[in-house]
Amino acid sequence: RHLYLRAFHYVVEVVNRSMKMQDMWGDSVQCGVLDIFGFEHFELNSFEQLCINFCNEELQQFFVRHMFKAEQELYAEEGLVLDP
């Protein structure tokens, strides 16, 4: 987990440094990433974290449903039979 975290932070830092851009208000533009898999572990979760976790779960379910539907449509186009 620690190796993943360090690699992730490094990649985001490199991307942010390479962008070196400012928005129309003069603030620096940065890369932001939503982690839908929830690797963080807290001993005590706040209401804000509960809301974030709920949204993450909803996004994950949307993504999974979308991907499975797209795969099923591709199978149908290619004439492959799905065995439920």
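This is a short tour of a predicted model, stop by stop. Residues are numbered from 1 along each chain as its sequence is written, and side-chain values use heavy atoms, with hydrogens and water left out. Because the model is predicted, local features need pLDDT of at least 70 and side-chain atom pairs count only at pLDDT 80 or more, while totals for chains, interfaces and linings use all residues.

**Whole chain.** Start with a cartoon view: you will find two helices and zero strands (DSSP runs numbered from the N terminus; helices are H or I with at least four residues, strands E with at least two). Of the 84 residues, 6% count as buried (under 20% relative accessible area with a 1.4 Å probe, protein chains only; exposed is over 50%, partly exposed in between). Switch to a surface, and the protein exposes about 8,000 Å², 62% of it supplied by carbon and sulfur atoms (Shrake-Rupley method, 1.4 Å probe; for residues, only the protein chains shown count as cover).

**Helix 1.** Now select residues 2-19, the helix that holds Val14. Val14 is partly exposed, at 34% relative accessible area. Just past this helix, click on Lys20, which has a positive phi of about 35 degrees.

**Helix 2.** Next, select residues 47-77. These 31 residues should span 45 Å, in agreement with the 45 Å between the end C-alpha atoms. Which residues are buried in helix 2? Show Gln49, Asn56 and Gln60 to see them.

How values were computed: The expected span of a helix is 1.5 Å times one less than its number of residues.
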